[in-house]
Amino acid sequence: MKPAYEKPVIKKLHTGLMNKFGRSPAYARKVRRDIDGVAIEDLVAKFGSPLFVYSERTIRQRYRAMHTAFSTRYPNVVFGWSYKTNYLNALCALMHQQGSVAEVVSEMEYDKARALGVPGSKIIFNGPHKSPAALEKAAREGATINLDHLDELNDLEQVAHKLRRHVHVGIRLNLDAGVYPQWSRFGFNLESGQAMEAVKRIKSGGKLVLNGLHCHIGTFIMDATAYARQVAKMVAFGCEVEKAFGFAIESYDIGGGFPSRSQLKGVYLPPEVALPSTDQFAEAITHALSKALRPGDFPKLILESGRALVDEAGYLISTVVASKRLVDGTRAYVADAGVNLLFTANWYKFNIELDREVGGINEHSVIYGPLCMNIDVVDEGTLLPPLTRGTRLIVSPVGAYNHTQSMQFIEYRPASVLIGGTGEVDLIREAEDLGDITRREKLPKRLAVTGGGGK
Ligand SMILES: Cc1ncc(COP(=O)(O)O)c(C=O)c1O
């Protein structure tokens with residue numbers, strides 16, 4: 001086919017920063033015709049575009065690698081699947097099937113885990129907003145509750161009073177592990193004495209029994225030694241509390257925060273160079289733990305890893321719907337998926353692959369999403385050959401925090417599928433339609449629309 005005529009433009013060349021590592025080979029522009037052996041075209045033909053695609057094989061591999069790294073170094077390891085990272089039922093079920101309990105941060109997530117069949121005793125209930133009713137439900141059902149603030153402590157004491165029994169409880173700590181800016185808004189601060197005050201308050205109330213400590217120092221932590229500092233501080237605090245108040249700390253929950261192999265914007269090195277390996281994290285954590293604990297004492301080590309387990313298992317297939325030249329000559333594409341589905345585009349430079357070989361000169365190009373909003377940018381600058389309408393863009397890794405934060409804004413949310421270990425493709429969430437958007441709306445009779453507005 002003869003290429004369409006285009007008015008020539010003169011553009012200044014931008015070479016960008018020099019990088020002696022070049023781009024990581026794993027993230028170089030590639031052609032991807034399939035995901036786990038299932039053709040992109042077949043996926044789109046059956047389920048439409050855009051489409052979230054998850055690889056069961058990758059999730060199982062990541063889980064196994066991480067679990068092995070910790071359980072071969074420490075005898076009492078529990079994984080708590082962080083629901084907010086991705087709470088599609090099929091993915092949660094996959095995590096539970098592999099032995100994970102549920103880690104939830106709201107009543108909605110708690111209810112979701114229960115509806116999926118997870119017993120309360122296998123739920124860790126975190127988060128800064130737990131209503132008295134949610135606390136009561138969780139206490140009745142035997143969930144592990146980690147308190148975030150004193151108001152919650154008071155509420156849970158009322159629940160214990162109502163239930164006429166002691167309620168076991170953990171507290172969330174925040175502390176200086178060398179990760180800045182420090183996440184100090186959740187839980188009780190260790191260094192200032194807030195956390196000790198909370199323990200004193202629990203003891204004097206006489207209704208709650210402290211048996212766990214929780215702390216999540218942040219997300220996408222790139223330094224394994226930060227966890228070693230965290231663990232040392234948590235265990236020292238636990239020992240102090242045991243001695244002073246007679247509580248027995250049965251679990252140390254160190255949260256999540258392990259990075260996935262995504263490319264953080266502004267990070268010069270590619271992920272495989274910049275990030276410690278899973279084994280390095282496990283080594284730092286378990287070493288610090290065994291140094292700090294009393295010999296022979298093996299309380300539960302709970303990990304609430306989210307993104308590291310699921311991010312690389314997620315892809316978003318999207319389609320080029322238009323190409324244009326901006327007034328400054330920049331090549332731009334409009335895709336059918338934008339920040340409505342890719343919330344993490346704010347922080348990550350995605351790996352964008354094409355479903356076909358495309359000839360022609362690579363040009364610095366911008367990829368916009370479909371929203372009529374200026375902020376809807378999937379990639380503000382990437383080298384692409386001239387793409388035609390209908391080219392599929394396979395965006396990854398997007399398994400973490402994109403589906404859960406996707407917006408029902410302007411566009412319908414698309415379907416999600418899971419590719420099983422033997423290549424079977426299961427629809428795990430249908431594409432939305434107008435019914436999903438309007439189902440909860442009520443139109444007052446007096447506002448019934450008959451024939452539209454105007455004259
Ligand atoms: C309490 C808690 N646990 C676990 C996680 C999961 O974190 P990540 O996905 O970084 O592993 C989070 C996320 O912020 C969290 O707030």
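Reader: In which loop does Pro-181 lie?

Author: This is a predicted model. In the model, Pro-181 lies in the loop between β8 (167-174) and β9 (188-189).

Reader: What kind of peptide bond joins Tyr-180 and Pro-181?

Author: Look at omega. The bond between Tyr-180 and Pro-181 is cis, with omega about -5°.

Reader: Which residue does a cis peptide bond join to Pro-397, and what is omega there?

Author: Ser-396 is joined to Pro-397 by a cis peptide bond, and omega is about -10°. Pro-397 is found in the loop between β20 (392-396) and β21 (415-419).

Reader: Now phi. What is the phi of Asp-36?

Author: Asp-36 is not a glycine, yet its phi is positive, about 50°. Find Asp-36 in the loop between β1 (34-35) and β2 (38-39).

Reader: Let us turn to helices. At what angle do α5 and α6 pack?

Author: Read the angle and the axis distance together. Helix α5 (residues 132-140) packs on helix α6 (residues 150-163) at about 50°, and their axes are 9 Å apart. That angle makes α5 oblique to α6. The crossing of α5 past α6 is right-handed.

Reader: Which residues of α5 and α6 meet?

Author: From α5 come Pro-132, Leu-135, Glu-136, Ala-139 and Arg-140. From α6 come Asp-155, Leu-156, Gln-158, Val-159 and Leu-163. By class, this contact has six nonpolar, one polar and three charged residues.

Reader: How do the axes of α6 and α7 cross?

Author: Helix α7 covers residues 194-205, and its axis comes within 11 Å of the α6 axis, crossing at roughly 15°. Angles under 35 degrees count as roughly parallel. So α6 is roughly parallel to α7. Their crossing is right-handed.

Reader: Which residues make the contact of α6 with α7?

Author: In α6, they are Leu-150, Leu-153 and Glu-157. In α7, they are Ala-198, Arg-201, Ile-202 and Gly-205. The classes are four nonpolar, one polar and two charged.

Reader: Take another pair. Are α2 and α10 roughly parallel or roughly antiparallel?

Author: Start with the angle. Helix α2 (residues 56-71) and helix α10 (residues 278-292) pack at about 30°, with axes 9 Å apart. The two helices are therefore roughly parallel to each other. Handedness comes next: α2 passes α10 in a right-handed crossing.

Reader: Which residues of α2 and α10 meet?

Author: Ala-65, Met-66, Ala-69 and Phe-70 in α2 face Thr-278, Asp-279, Ala-282 and Thr-286 in α10 as contact partners. Five of the residues in this contact are nonpolar, two are polar and one is charged.

Reader: Step back to the whole protein. Into which domains is it divided?

Author: Domain 1 takes in 25-53 + 313-436, and domain 2 takes in 126-305. Their C-alpha centres lie 37 Å apart.

Reader: How many residues of each domain are in contact with the other?

Author: Seven residues of domain 1 contact eight residues of domain 2. On the domain 1 side, six are nonpolar, none is polar and one is charged.

Reader: Last, the ligand. How many residues surround the ligand, and which are the closest?

Author: The ligand is surrounded by 16 residues. Thr-219, Gly-256, Glu-304, Gly-306 and Arg-307 are the closest.

Reader: How do the residues of the shell around the ligand divide by class?

Author: Count each class. The shell has three nonpolar, ten polar and three charged residues.

Definitions and conventions. Residues numbered from 1 in each chain as written. Predicted model: local features only at pLDDT ≥ 70, side-chain atom pairs only at ≥ 80, totals over all residues. Domains from an automatic or database assignment. Contact = placed C-beta atoms within 7 Å. Nonpolar A, V, L, I, M, F, W, Y, C, P; charged D, E, K, R; others polar. Near = placed C-beta within 6 Å. Axes fitted to C-alpha atoms, helices over the stretch in contact; angles between N-to-C directions. Helix = DSSP H or I, 4+ residues; strand = E, 2+ residues; numbered from the N terminus. Parallel < 35°, antiparallel > 145°, perpendicular 65-115°, else oblique. Left-handed = near helix turned anticlockwise from the far one by under 90°.
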